[in-house]
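Please consult the sequence and the structure alongside the text.

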Amino acid sequence: MRKIVEHIAGACRAGEPLVLVAVAESKDSTPRKAGTLMLVSADGLACGTIGGGALEAHGIACARRLLGGKAHRFESMGLEERLGMVCGGSASLLYVPICGGSAAWAKVASELLRCFEQRTPAYLALSCCDELPRSGEGVALLDADGALLAGDGSAPGDRVRGQKRRCIAGGWLMLPVPLPVRAVVFGGGHVGSATVSALSRVGFSCTLFDCRPEFANAGKSHGAQQVVVGDYSDIAASLTLDERDYVIIMTHSHRHDFAVLEQVLRQPLAYVGFMGSRRKIATARERMLEAGIPESALDAVHMPIGLDIKAETPEEIAVSIAAECILHRATR
């Protein structure tokens with residue numbers, strides 16, 4: 001969603017009309033599930049995807065006809081009957097025109113970018129009604145309690161309180177804003193750099209941590225949003241972790257690996273992965289137990305890190321790690 005929001009913000013400044021297309025509902029087999037977005041301009045697909053193929057082509061054609069207008073459109077269809085897609089599912093598409101230079105959308109986009117930066121939970125609300133209220137353009141940004149942050153004040157904020165998933169309520173499509181998941185990679189060597197690159201391409205916000213300035217290099221890390229030169233024995237002096245973070249440990253020294261592992265296991269985290277051989281992992285468990293780390297915390301560590309795809313090269317190992325992190329993120 002972030003790239004879509006950045007594109008909307010730029011288009012609002014440039015006065016370029018767009019249409020946001022959302023998969024509002026999906027049933028059975030569909031190219032993408034409900035909540036997926038794409039952005040259409042006069043030239044066609046501008047950003048995002050609802051799965052490609054016939055459904056996306058249909059959505060782009062319909063969206064281009066709505067450019068420059070204001071009325072939203074809600075369309076439901078069986079994919080086989082309407083588009084000849086033998087997958088047999090059904091989907092509902094919501095088309096939301098964005099007027100060039102829209103002040104409401106510019107404010108919503110600005111607030112959304114702030115939410116991404118600060119990892120603040122929020123909901124994007126889009127009206128499913130053709131006739132829009134005079135009070136706004138059928139778009140609003142709500143905080144986790146339903147309070148209005150920007151946009152149309154007629155959005156039913158009380159309907160999102162306590163909701164964790166996409167829903168249609170009171171004629172509005174409510175989409176939880178997908179906040180970036182931070183992956184902190186300890187170690188900027190061959191595998192660490194490749195891992196940052198792989199994770200950044202699949203939606204993780206990557207931080208690279210290394211004690212060696214020549215390895216803590218933004219250019220080498222291929223996608224790190226933050227690079228930290230710090231002391232492996234005192235992570236907290238230069239970096240704060242929280243329960244939403246993914247931690248990946250692959251420094252250039254077993255001593256440093258053990259030091260990082262002990263520190264991160266003394267606080268709740270979303271995911272901890274540790275790279276090493278069977279013997280190294282066995283040694284790590286022994287040292288952590290001696291240091292007072294509970295066995296339950298050790299059992300939750302992904303070690304060896306990554307899905308078993310018989311990876312050997314740094315790039316292959318990075319793919320296996322990224323795959324495991326994607327799976328974990330999707331099933332939390």
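## Packing of α1 against α4

Helix α1 passes helix α4 in a left-handed crossing, a term that applies if the near helix is turned anticlockwise from the far one by less than a right angle. The contact (heavy atoms within 4.5 Å) is formed by Arg 2, Val 5, Glu 6, Ile 8, Ala 9 and Cys 12 of α1 together with Trp 105, Ala 106, Ala 109, Leu 112, Leu 113, Phe 116 and Glu 117 of α4. Sorted by class, these comprise 10 nonpolar, no polar and three charged residues. Here Ala, Val, Leu, Ile, Met, Phe, Trp, Tyr, Cys and Pro count as nonpolar, Asp, Glu, Lys and Arg as charged, and the others, Gly among them, as polar.

Residues 2-14 form α1 and residues 103-118 form α4; the two pack at an angle of about 145°, and their axes lie 9 Å apart. Axes are lines fitted to C-alpha atoms, for helices over the stretch in contact, and angles run from 0 to 180 degrees between N-to-C directions.

## Basis of the model and overall dimensions

This is a predicted model, in which local features need pLDDT of at least 70 and side-chain atom pairs count only at pLDDT 80 or more, while totals for chains, interfaces and linings use all residues. Residues are numbered from 1 along each chain as its sequence is written, and side-chain values use heavy atoms, with hydrogens and water left out.

The protein chain contains 10 helices and 15 strands, taken as DSSP runs numbered from the N terminus (helices H or I, at least four residues; strands E, at least two). Its C-alpha trace spans about 65 × 40 × 35 Å along the principal axes. Of the 332 residues, 46% are buried, meaning under 20% relative accessible area, with exposed over 50% and partly exposed in between (1.4 Å probe, protein chains only). Among contacts between residues at least 6 apart in sequence, 56% join residues at least 24 apart.

Strand β4 runs antiparallel to β5 (residues 90-98), and six bridges join them. Met 77 has Ala 91 of β5 as its bridge partner.

Strand β6 (residues 122-127) is largely enclosed by the rest of the structure, because six of its six residues are buried. Ala 122, Leu 124 and Leu 126 point one way, whereas Tyr 123, Ala 125 and Ser 127 point the other. Five bridges join β6 to the antiparallel strand β7 (residues 139-143), where Leu 141 stands opposite Leu 124. Another five bridges link β6 to β10 (residues 172-176), also antiparallel, and Ala 125 has Met 174 of β10 as its bridge partner.

Helix α5 (residues 190-200) is likewise largely enclosed, because nine of its 11 residues are buried. Among them are Val 191, Gly 192, Val 196 and Leu 199.

## Ile 326 in helix α10

Ile 326 belongs to helix α10 (residues 314-331). Ile 326 counts as partly exposed because its relative accessibility is 32%. Leaving aside residues up to four places away in sequence, Ile 326 touches Val 202 and Phe 204. Phe 204 is 122 residues from Ile 326 in sequence, with a C-alpha to C-alpha separation of 9.2 Å.

Notes: Pairing = 2+ DSSP bridges.
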